Every structure is written in structure tokens, then in C-alpha cells.
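This report looks at the disulfides of one structure. The sequence and the model come next.

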Amino acid sequence: MFRAAAVWALCLSSVFVTLCHSAQLPLTTGPECSDHTRNINVEGLRTSRGGLAFYTAELDRLTLDEPPNINSTGHLVFETVNSLLQHWPNTRMRNGHTIVPGIVRPGTLIYHGTSLEKLPTGPEWAAFDPEHSFLFCKNAAGEDGCWHLTLITTRPLKVLYFDGSSAANMPFGTMDAQDIVAWGEMKPAWAIEERKRIKDLCTWGWKYDIHGFVSEIMLCNFTSGLSVLSFLNLANTNPQLYRTGSPRLIEAINAGTWHNNYPGLNRIQLDLSGLISFYDTDLVPSLVTARFLQERWDHRLQNISEEDIARVTARLDEILTRSPGHPTSGIDWIALIRTVVDRYSERLELIRRLLNSTEDWDSQNVIDCANKTQTQLRAILTPYILSTVMPPRSYETFSKRNRTQVSDWAKPVFALCTRTHTDMPIYGVPMTDSEWLLLNAVQETTQEICRVITNMWTSGVLAGVDSFLSSTAGSEASVDIIRTLTKTWRIDLSGLMQWLDWNTWVKCNPACGPEEMCYLTTWPAGFPLSYWPDPTKERYSPTPVPTQPGHFPRDPPPGSEVIADDWKRPHPRCVQRIDPRL
């Protein structure tokens, strides 16, 4: 009876927690904060590691039944940083929210396709892979081939990186951050004004010695810090760029997949101590209300206040004018975030697989699945389970405690798990505003992971399925309790993984074959054409990559629209890499 009461008590909060994971509500903002102030427990972060002192002060603050604030954005900062320079997550979540300074390393090859046998004299687009630049290798009048330029960087080139699909000229949010930098406001009607945008970005960046902007790479000057390796007149094969199954188009898409996952495009070195995030609610509080009840797909910078734009612009100016020796913590933030992802990603995915296979199982299989799941939960928490951690031993003990105290005995485990990655000796260490934001993002993310996992493990202990700890002197749990337990686990885990929404879980399942590739609908293929100035022209009539292996539809006539079903919310699917008609 004790086990059943305990499990049901833990179940009551599951639906509420799932709802909190799903949406954001408006945040009531107070007086404007200093640029150097963060809403994080700085003193807690600076606590000494002597003995167990570093977590005992947190026991009163941490509660296992309290989900994150519905307006929290730490997990969004965490995942956007985890996705920097990677093609896959930035194709999925197209509307970027992050600006980061960086450098293109010396010795990096950069490519440019053109129709003219001369270097560009002004800002132009280039690529890090020749498969992309070759798309723009064109025939000049009276020429048989097309011109393809290969450059190499001779020194570090200072660049500014925009995340998301920031090379996609659409009015739906992909260009918002660039508009703010170039023009001080968003101009959706100018989405296709790419020539004006690159010119104005380069004009803006001149005083900061910025050489280019990275989505694709937009170079401001083709002679500064660059040397020509070759300028070749190539055979212009298959000039029908957007024909379905065009080898040029398919190979360009395939080249993008080389940078799908971490480390992504490793020719660029980002400086995260100068990161700006539009998910920073201290820096950009006006967007909290703008994101009210929106899914992440729909987040954009629309409705940002003029005050917040001014604050972002001032912060960007401060970052880009820092001296080279500006003090920072020296912490490798990408390595820290990847440590958290590596630790939990596959394990959470495995537990989800176990729990999703129990729906119609018989009693023995349900019990077997519960035991396997509990083993995985315990494996995650093993470094944090102290020898003194013991559950209540009887129903009488439990009956004297209210619902919020059911799992109090496990709070030391929760505290240790939560603070392990962020309780670092940073007292007196110089930290930029960006670094405080990143530290808070890691803390918020790991706290919620640890809260949910500790609750799940605790409920397994109370239900009697833990092989090392038991609350009832070895008596076996009933099948009904186990079924209730697995349903609760499924709700808890689903809410956590939905809240985290890590790109590592977005994949083709089953995996694609050797002549296929896993694909997300990518601009411009499959997108509506209504915002183009002249959709009757053939260049504005892209067709979607086929939706299933082996299927290539007929090429549509110029001016027609072939819109992919998932162009707004892309989902992974396997597509053929080679047109079977060839």
C-alpha cells in the first residue's frame, strides 16, 4: 500500500510538468537590469567544494516537484549553442537567435562560382565546399565553360556568425538577426534584397575590421587576407540548377550533410565569450511576451522592442571593440555543453525506447522492462548516490509526510547531480556577460534533467524495482503498481525530452540505405514562391527533393509551385542520392 500511495503521489504532478515543458507565458519584467547582472544563484555557484559543503546549502532550495519556470530559456540557449555551425539543427530550426564573433583560420580554402574571369571588386558570396559554389558557376556570353575561383586565407579573418538558416532569403524569420545588425530593425519586405543586405552589413562591419559574415560566407573583400590558388574555366555540366535529381543540386545538398552534426563546420573558430543570444531574457526581455504559447518552430525576433534592439547593438559594439587580451574565464563552453549532451543523450533515448515498447506487453514483460529501466536510471545517478541515501522503510513513515516530501530523501542525489557540471571554483575568475549566460544555461538544463531522472529513479525505488534499495524489506511489487510506474515514467521522460528538444534525437529511423541520405526540407527546394519578385522565372521554380527513395516526380513547368508538406516544420526522411532515370 505504501508503494502504491507513493507512486500515485508522484504521478499527480506529471501532466502539470509536461504542460510547463510545452509553452512559455509572459514574464513580468522589473526595472532594467545592469548588463553585468544575471538572475542566477551566484553565491551558490561559488560555494566551496570542501567535503559535502558544496551541495548541502542547496538542499533547502532544490525541490523535486518544481519544474522550470515556464518563461525560462536556459535550455534554449543550451541547445542553440550545442547546435552552432551544424547544418542539421540549423536547417530544422531556421530562425536564428544567436550572433557570435569568430575567425576563419589561416589555410582555409574558400570557393566562389561566377560567370566572369575576374575577382569580385565588392562584397560577394562564397562557400567552404566547392559543391556549393559550383551551383553559381555560370556561362558567360559566348563561353563554353564557367569560372570557378579557389582562395586560401593567409591570416585569421574576423567574421560574425549568425545561426539558423541565415542564408535563406525568406520573410519568415531567417533574416531577422541580420536585419537588426544591418539596418537596426527587421525588414521582412526586403527578404530578397540580398545585394543590399550584404553591402550594408559590410559597411556596418568596416569599423570593426570584420571581413565577412557566416551563414554561407559573405566576404566583404576578396583581396584582404586571401590569396588566389586557382581560377579555372570548368565544364558547365547540367546547368539546370533546380531540376529534380540534378546531380549538382543533389551533391550540394549532400555536401551540407558533411557538417550535419558536431563539430559541424570546423573551419571557423567561434568566441563564445562574446556570444549574443536573443533568448537572453535580461538582454531582450520584450521577446518573452512575443513567444507566448509559441512552439520553438515559430520563435523569431518579431515584436522586439526598440529598447532591446538598442541594448543588443550596444552589447555587440562592446564585444567587437574589446582588446585582444580582454579577460575571460578561459572555460571551453562547447566542451562543457557537449559533456552534458554526451552523458545523457543516448541514455535518455534508450530509456524512451524501453518505455515505448511496453504498451501491450504481458505482466512479465512489463516487470522486465521496469527492471531494465530502473537499472538505466540508477546507472545515470550512480556517481551521486551516497551511501547514506536511504528511502523511508514503511508505510507509517510515508503516511506522516505530505506529497511534496515523498522524494525528499533523494534530494542529496538531486543536488549532487545538478551541481556537478556547474559548481566550479569561479570566485574571482573574470566572466563576461555571455559566459554568465552560458553558465546559467548549463545549470538550468542539468537541473531539470537531474530533477526528472531523480524522480523517476526514486519512484522505482518506492515501487520496489530497484535491486539495491527497497522501501519495503524485500516484498515484491504488484503488476498494477509496475504498470502505473511505467506510465508515469513515460509521461515524465516524454516531457523532459520535449523540453530539451536536442537535435541528436532527430534522425531517420530506420537508418537510410547506402544510396540514400537523411534529409530535412531545405530552402529553396519545396518552399512557396509568392514572396519572390518574379515567380514566373525558371530560377524561382525550385522543386522539392523527392519525398521517398526511388521516386522522382516530373519536372514542373516554370512558374509552378511544388511545395513540400513539411516546409514549415521539417521532418527527417530518407531520399535517393542518385536519380534512377540517369
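Is the disulfide of Cys-137 and Cys-146 right-handed or left-handed? The torsion about its S-S bond is about 100°, so this disulfide is right-handed.

## Basis

This is a predicted model, in which local features need pLDDT of at least 70 and side-chain atom pairs count only at pLDDT 80 or more, while totals for chains, interfaces and linings use all residues. Residues are numbered from 1 along each chain as its sequence is written, and side-chain values use heavy atoms, with hydrogens and water left out.

## Disulfides in the chain

The whole structure holds five disulfides, each a pair of cysteine sulfur atoms within 2.5 Å. Counting bonded cysteines along the chain, the pattern is 1-2, 3-4, 5-6, 7-9, 8-10.

## Cys-137 and Cys-146

The sulfur atoms of Cys-137 and Cys-146 are 1.9 Å apart. Both cysteines are buried (under 20% relative accessible area; exposed is over 50%, partly exposed in between, with a 1.4 Å probe and protein chains only).

## Cys-202 and Cys-220

Cys-202 is bonded to Cys-220, S to S 2.1 Å. The link is left-handed, with -90° about the S-S bond. Cys-202 lies in helix α9 and Cys-220 in the loop between β7 and β8, so the pair ties together parts 18 residues apart in sequence. Helices (H or I, at least four residues) and strands (E, at least two) are DSSP runs, numbered from the N terminus. Both Cys-202 and Cys-220 are buried.

## Cys-512 and Cys-574

Another disulfide joins Cys-512 to Cys-574, and this link is left-handed at -95°. Cys-512 is partly exposed at 22% relative accessible area, whereas Cys-574, at 16%, counts as buried.
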